[in-house]
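Reader: I would like to learn how to read features of a model like this one. Could we take them one at a time?

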Amino acid sequence: MSSPKDNRHRSLYDGSVWKVVILASALIVLTTSLIGFMSYRMTQKEVIRKLKTSDLSFIARSIASQVEGRIDRAMETSRIVADDPAVREWVAGGEKDERLGMLVKQVLASIPRDYDYTNSFVVSAATHHYWAESGKVIDTVSESDPDDKWFFNTIASGKKTDVVVDSNSARKDTFVFVNVLIGEPDRPLGIAGVGLSLKKLSEDFADYRLVEGSRLWMVGGDGTIHLSADYADTGTKLSEHLTAAALQEWNRSPADRERVFEAEDLSGGRMDMISYPIASADMRLLVQIPRSQTTGFLGSIKQSTTVAVVLSLILSIYFFTYVSRRMADPYKRALRLNEELESMVEDRTQALADKNREMTESIAYANRIQRSVLPSEEALREHFAEFLTYWKPRDGVGGDFYWVKEVGGVKWIAAGDCSGHGVPGALMTMLSVSLLDRIADQEDNASPSEVLRKLNVLLKETLGQTDREGPTDDGLDLGLVFLRDGNMQYAGTGIVMAVKDAGGLRMIKGDKPGIGYRRTPADAEYSLHDIELGDDTVVYMATDGIPDQNGGAKKLSLGKTALLEWLASYGDSPLAEQRNHFERDIAAFMEQERQRDDMTLFAFRPRTDDGTKER
């Protein structure tokens with residue numbers, strides 16, 4: 001039986017323990033809450049800033065480039081028909097020359113048959129005959145017919161090219177009609193043009209809706225929605241979908257440049273929006289993203305903070321009580337400690353699983369953004385007779401990229417390998433592509449070697465790596481090709497470059513100095529290679545992640561020699577088949593071996609402007 005003295009000491013001891021428990025618990029709760037609150041506010045602010053300054057503009061620019069690309073191609077096709085000497089002579093002669101008429105009808109028939117146009121036409125200003133792609137006169141236009149006013153208005157305007165957008169509810173489609181005057185604008189002989197369906201673009205809009213509730217509209221000058229990811233919106237007025245305040249912000253946006261703004265939607269939710277001009281069609285693109293979806297993931301920070309506060313409070317009380325009262329019972333202490341640890345492991349495992357899911361979703365989102373920087377298959381088909389793309393980042397996103405741009409009649413083709421993997425590597429690719437675009441927009445780029453020299457200087461300055469010593473040393477390896485007037489020039493460093501033609505497959509050796517690194521001098525020079533193009537020339541560019549990959553029976557790296565042997569073994573088969581062969585070969589070589597680096601293989605068969613192979 002314990003004495004009163006023992007009970008008094010126990011009471012004093014227990015009281016002091018509880019004071020320590022309460023104080024320690026209060027400090028832990030306060031610290032955890034403060035850290036969680038600061039993390040939430042800082043992350044929310046940065047997410048909204050990035051969306052407004054970068055993401056919205058990037059999304060709108062990507063969509064607008066697709067729309068304008070299709071319209072520009074339709075305008076070019078219409079001009080070719082209108083300026084065809086046979087068309088002009090046939091229309092000027094009253095459509096009486098049967099030989100010229102046969103040629104013109106063949107041209108009209110081939111346009112919708114061979115390309116993605118819905119129709120083609122020639123209308124005479126003298127006879128008013130409307131010749132369609134069927135090779136027949138399907139109408140004789142009349143000034144008294146309201147449906148024919150477009151013809152007489154275009155003739156009277158004196159404007160060489162006119163683009164008209166029409167939303168057809170019966171066909172559930174939006175059409176772009178390009179009208180080009182035949183002959184001199186002040187004395188036109190008639191009108192030639194093509195019709196283009198934008199339904200495929202409407203389907204593609206859905207791929208750009210990054211989050212649930214986002215909306216994308218292509219809006220005319222009168223406020224009519226001509227194109228939407230939800231076709232039910234097509235043909236309606238913008239005022240039916242926006243609040244008065246949002247519509248006022250839209251009307252304040254200039255028609256010739258982008259503007260980011262925010263407003264409430266019809267349900268009272270906050271929306272971030274961008275107005276982006278589509279100059280070729282006299283329309284604007286409106287992208288609308290709910291603020292709640294953009295910052296929705298921040299709710300996990302609140303939940304994590306609340307859980308951490310509660311767990312900290314419970315664990316601290318339990319820990320101090322347990323230590324003070326159960327030291328005399330090692331067996332029970334071990335059992336309870338084991339239960340506590342199991343609970344902590346389960347909680348931690350769940351927390352890690354949640355974090356892993358969030359990271360996986362973020363990487364998938366970053367992968368979509370990085371893929372949008374790469375040239376689309378549609379763009380590559382416009383530039384090359386054939387092409388092969390194999391882009392496989394090691395960590396979902398990475399430092400490899402390929403890039404194509406046409407400037408002043410010169411095609412720029414590049415493959416690059418930036419330092420770093422994952423998100424750091426992806427950031428380097430965005431910077432490198434941005435600098436390449438900046439250099440390409442200049443007018444004094446005589447050769448690929450000169451571009452590499454400029455890029456080296458510009459990247460060193462941008463990254464602050466002009467000194468030989470410093471905390472960072474980032475850069476990239478790059479191969480750059482110029483295609484111009486049937487000739488090809490190449491300069492590169494660190495990229496496997498090979499050319500296959502009638503003489504076989506040969507490798508073009510690049511230079512050693514990388515681009516942008518501290519150890520690379522600012523005045524570093526790069527060799528220029530002039531390469532003769534044959535009828536069946538194919539160009540291959542690969543990053544070092546492929547030859548450096550381990551595999552095979554001995555788990556050794558593949559090497560450049562084996563890679564070139566693979567490419568040579570594919571012979572003259574189409575590049576689409578060669579991609580299948582390469583994917584099979586690299587998978588068989590790697591087996592269960594982990595991918596070491598980002599891997600990219602880009603190949604193309606050049607062609608001339610008339611669609612034939614480059615000679």
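Reader: How are α11 and α12 oriented to each other?

Author: This is a predicted model. Helix α11 (residues 422-440) and helix α12 (residues 448-463) cross at roughly 130°, and their axes come within 10 Å. The two helices are therefore oblique to each other.

Reader: Which hand does the crossing of α11 and α12 have?

Author: The crossing in which α11 passes α12 is right-handed.

Reader: Which residues of α11 and α12 meet?

Author: On the α11 side they are M428, L431, L435, L436, R438 and I439. On the α12 side they are V451, K454, L455, L458, L459, T462 and L463. Sorted by class, the contact of α11 with α12 has ten nonpolar residues, one polar and two charged.

Reader: At what angle do α2 and α3 pack?

Author: Helix α2 (residues 85-92) packs against helix α3 (residues 98-114) at about 130°, and the axes are 9 Å apart. That angle makes α2 oblique to α3. The crossing of α2 and α3 is left-handed.

Reader: Which residues form the contact of α2 with α3?

Author: A86, V87, E89 and W90 of α2 meet L100, G101 and V104 of α3. By class, this contact has five nonpolar residues, one polar and one charged.

Reader: Is E95 buried or exposed?

Author: The cut-off for buried is under 20% relative accessible area. With a relative accessible area of 12%, E95 is buried.

Reader: Where is E591, and is E591 buried or exposed?

Author: E591 lies in the loop between α14 and β23. Its phi is positive, about 50°, although E591 is not a glycine. The cut-off for exposed is over 50%, and E591 is exposed, with a relative accessible area of 55%.

Reader: Which residues of α13 are buried?

Author: In helix α13 (residues 560-569), the buried residues are A562, L563, L564, W566 and L567. They pack against strands β17 (496-501), β18 (504-508), β20 (538-542) and β23 (599-605), and against helix α14 (575-590). After α13 comes G571, which has a positive phi near 60°.

Reader: What does K52 touch, leaving out residues up to four places away in sequence?

Author: K52 is in helix α1 (residues 4-82). With that exclusion, K52 touches V260, E262, D272 and R291. K52 and V260 are 208 residues apart along the chain, while their C-alpha atoms are separated by 6.5 Å. K52 is partly exposed, with a relative accessible area of 27%.

Reader: How many residues apart in sequence are A351 and S304, and how far apart in space?

Author: They are 47 residues apart in sequence and 8.4 Å apart in space, C-alpha to C-alpha. A351 belongs to helix α9 (residues 330-373). At 31% relative accessibility, A351 counts as partly exposed.

Reader: Where does S267 lie, and is S267 buried or exposed?

Author: S267 lies in the loop between β9 (259-264) and β10 (270-278). S267 is exposed, with a relative accessible area of 68%. From S267 to L242 the distance is 10.0 Å, C-alpha to C-alpha, and the two are 25 residues apart in sequence.

Reader: How many helices and strands does the protein chain have?

Author: The protein chain has 14 helices and 23 strands. It has 615 residues, of which 45% count as buried. Among contacts with a separation of 6 or more, 63% come from residues 24 or more positions apart. The chain exposes about 31,900 Å², and carbon and sulfur atoms supply 53% of that area.

Conventions: Residues are numbered from 1 along each chain as its sequence is written. This is a predicted model: local features need pLDDT of at least 70, side-chain atom pairs count only at pLDDT 80 or more; totals for chains, interfaces and linings use all residues. Side-chain values use heavy atoms; hydrogens and water are left out. Axes are lines fitted to C-alpha atoms, for helices over the stretch in contact, and angles run from 0 to 180 degrees between N-to-C directions. Helices (H or I, at least four residues) and strands (E, at least two) are DSSP runs, numbered from the N terminus. Angles under 35 degrees count as roughly parallel, over 145 as roughly antiparallel, 65 to 115 as roughly perpendicular and the rest as oblique. A crossing is left-handed if the near helix is turned anticlockwise from the far one by less than a right angle, and right-handed if clockwise. Contact means heavy atoms within 4.5 Å. Ala, Val, Leu, Ile, Met, Phe, Trp, Tyr, Cys and Pro count as nonpolar, Asp, Glu, Lys and Arg as charged, and the others, Gly among them, as polar. Buried means under 20% relative accessible area, exposed over 50%, partly exposed in between (1.4 Å probe, protein chains only). Accessible areas come from the Shrake-Rupley method with a 1.4 Å probe; for residues, only the protein chains shown count as cover.
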